[in-house]
Amino acid sequence: MLKCRTVWKKLAPLARDSSTLSRQSVRRAGLTNGSAVRVPATHMSSGSAGGGGENKLYVLLVGAACLGGGIYAYRTVKGDQQRYMERMAEISSRPHKAASQKTTIPSQSEPPAVEATETEAVPEPKLQAALSPEEPSPPAPDAEAAAPCESAEPLPADEPVVGASPEEAAEPPAAPVVEEAADSSPASPSVPSHAPYLLIGGGTASFAAARSIRARDPGARVLIVTEESDLPYMRPPLSKELWFSDDPGVTETLRFKQWNGKERSIYFQPLSFYIHPEEFNSAENGGVAVLTGKKVIHMDVRGNKVKLDDDTEISYDKCLIATGGMPRNLQAIERAGEDVTKRTTLFRKIDDFKSLDKVSRSISSITIIGGGFLGSELACALGRRSTESGLEVIQMFPEKGNMGKVLPEYLSNWTTEKVKKEGVKIISEALVKSVNYKDDKLEIQLKDGRLVKTDHIVAAVGLEPNCDLAKSAGLEVDSDFGGFRVNAELQARSNIWVAGDAACFYDIRLGRRRVEHHDHAVVSGRLAGENMTGASKPYWHQSMFWSDLGPDVGYEAIGIVDSSLPTVGVFAKATAKDTPKAATEKSGTGIRSESETEDTAVSPVASSTPAPAVEQHKDGYGKGVIFYLRDKVVVGIILWNVFNRMPIARKIIKDGEEHADLNEVAKLFNIHED
């Protein structure tokens, strides 16, 4: 009615003017014709003599205004009712634990940030008081806002939305929640229906993110979903220390002795560290729960939910994809048939370690295909076992020497000799043509005509990033390096981050990269966890990686280490402390990158001992530094039997300067000290 009166106040003067002008025109016409003209009774008039015309006009205008207002009110109420029913349908899909939790209020959609105003803010205490103390707030619908915005940090779902429209703010209170719709997927009793923080993958990156989230948000509820049947664990010992254990039950205990003699478990934390999935919503102080043996097969980015392989759906507020990678296989093995594939190990998980350990104790010959880190480490480990059991260990690769894609040729040749001394038969420049099973033996036919017979094959030919969720989630996969493309904050889309082997990130010094390192998984997972809680920090860390050929020879590397690049090596005589075993004794940990920090190193005082000229290629390389150059700038560094100096190498790459004399740069590592 207020709107009707306002409209009438504006239209009434116009009506009166029109009525007066009409009367005057009629009178003039009558005078012109020489006779009096009678004004019709139904004509509008400003006086009472007109027969009440203006009252009828008033009624007509009021009626029109009321009709328009009624239509507007009907459409508004209808729209509010529709939004209300949709919101209630969404909330009703969530199971509630008790009858007292059967009522709630719908959360309000998050409007664009440009419309936010303080005067329209929903009072926070009122909203929080209406929520159940144990039930997390429903996530805001991602209506038309799911465009790939990589830098914007969304509001947490449990915070009141600033700038809600008056219609949404005035929504009626919720009715009791109805039973779950018949067409929705029922959640398993042990699977939470909603997780404020959902981490897909149970590896190093995922655990590092969970620990980081809990550090910044002590009451956070974090749910890890992993395909494996094990709790989060570290992978490096699977190809290193576990093979050197003297415990006959190591495959069951998964405890190993580090090079320094200290014992530890392969698992990051014991079972008591985690909360049970059934207690996920009721845990007073939150916690980390792990769903083992579950695979996420579909992501609904707009609806902020995922579907598991058993059709269970889990909604989330923030999600991390840390799916890692899958070991590659050779096409010659894949097309060879079941007799060959069941006698082939693709080494990656705990089950692979257990299986290979068992197989290696019951056969007479095993062949490792691949000359990289994994292949060379397994060759050394099994080679040492061969001296006791008589197992024949063969390692073949297409390069001229071990780790030929990484190390300069002279150092690769030296490493090959080291592996041979461990009891391994080396077959270099080997390209596999076909594999067959004949007379209880696997026959590996090489392209140059050589034939190798063996009982079992270990294919260690690289890793393929697991990007199965890219299609359903609408996420971009890098065509050059593989993996999900993310921005500097490791964000793929709003509310979605990626860390670890599956992340293709932009390195401010070295360009876009994808890294398969334990240290990268730790640091990228930790940073992703921080950003999921609102830190908005860029990833600037230069991750390191390391490899040990037993307890006496090891190296640490950083940046781009590619043997096709020009290299400069500076070496010195090694001492008893220049071994992986001595390095772990000094740092107190077998996972050397755990002592790493993101702090920028300050250049130390260089050794006063004069550095010799770059040593020529010779048989012994005790310890040293190898610089990898691109356009005369150092882009990668290997520290050969030089440990705990990685911050110095990190600073050299970060500076990105051209060095005239790398002998002087090598002094920073003090490799010439006794």
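R450 is partly exposed, with a relative accessible area of 34%. Here "buried" stands for under 20% relative accessible area, "exposed" for over 50%, and "partly exposed" for values in between, with a 1.4 Å probe and protein chains only as cover. The side chain of R450 forms a salt bridge with that of D448, at 2.7 Å from N to O. A salt bridge is a side-chain nitrogen of Lys or Arg within 4 Å of a carboxyl oxygen of Asp or Glu.

The model is predicted: local features need pLDDT of at least 70, side-chain atom pairs count only at pLDDT 80 or more, and totals for chains, interfaces and linings use all residues. Residues are numbered from 1 along each chain as its sequence is written, and side-chain values use heavy atoms, with hydrogens and water left out.

**Salt bridges**

The structure holds 23 salt bridges. Three of them are listed below.

| Pair | Distance (N to O) |
|---|---|
| D448 and R450 | 2.7 Å |
| R328 and E464 | 2.8 Å |
| E377 and K240 | 3.1 Å |

The side chains of R328 and E464 meet in a salt bridge of 2.8 Å. This pair links distant parts of the chain, 136 residues apart: R328 lies in the loop between strand 9 (325-327) and helix 7 (331-334), and E464 lies in strand 18. Helices (H or I, at least four residues) and strands (E, at least two) are DSSP runs, numbered from the N terminus. R328 counts as partly exposed at 34% relative accessibility, and E464 is partly exposed at 37%.

The salt bridge between E377 and K240 spans 3.1 Å from N to O. Its partners also come from distant parts of the chain, 137 residues apart, with E377 in helix 10 and K240 in the loop between strand 2 (221-225) and helix 6. Are these two residues buried or exposed? E377 is buried because its relative accessible area is 5%, and K240 is buried because its value is 6%.

**Helix 9 and its cover**

Helix 9 comprises residues 350-360, and its buried residues are I350, D352, F353, L356, D357, V359 and S360. Which elements cover them? The cover includes helix 6 (250-253), strand 10 (344-346), strand 11 (365-369), helix 10 (373-389) and strand 17 (456-459).

**A negative surface patch**

E227, D309, D311 and D468 form a negative surface patch. Patches are made of residues with over 30% relative accessible area and no salt bridge; like charges are joined within 9 Å, and nonpolar side chains (Val, Leu, Ile, Met, Phe, Trp, Tyr) within 5 Å. Asp and Glu count as negative, and Lys and Arg as positive, while His and the chain ends are not counted. D468 is partly exposed, since its relative accessible area is 47%.

**Backbone angles in two loops**

Most residues other than glycine have a negative phi. L254 has a positive phi of about 55° although it is not a glycine. L254 is found in the loop between helix 6 and strand 3 (255-257), and is buried, with a relative accessible area of 1%. K632, also a residue other than glycine, has a positive phi near 65°. The loop that holds K632 runs between strand 27 (623-630) and strand 28 (633-640). K632 counts as exposed, at 59% relative accessibility.

**Two further residues**

H517 lies in the loop between strand 23 (511-514) and helix 13 (518-532). Its relative accessible area is 14%, so H517 is buried. Which residues does H517 touch, not counting those up to four places away in sequence? The residues are D501, S543, M544 and F545, where contact means heavy atoms within 4.5 Å.

K421 has its place in helix 11 (residues 409-421) and counts as exposed, at 72% relative accessibility. K421 and C380 are 41 residues apart in sequence, and their C-alpha atoms are 9.0 Å apart in space.

**The chain as a whole**

The secondary structure of the protein chain comes to 16 helices and 28 strands. Of its 674 residues, 49% are buried. Among contacts between residues at least 6 apart in sequence, 71% join residues at least 24 apart. The protein chain exposes about 32800 Å², of which carbon and sulfur atoms supply 52%; accessible areas come from the Shrake-Rupley method with a 1.4 Å probe.

Terms used. The place of a charge is taken as NZ of Lys, CZ of Arg, CG of Asp or CD of Glu.
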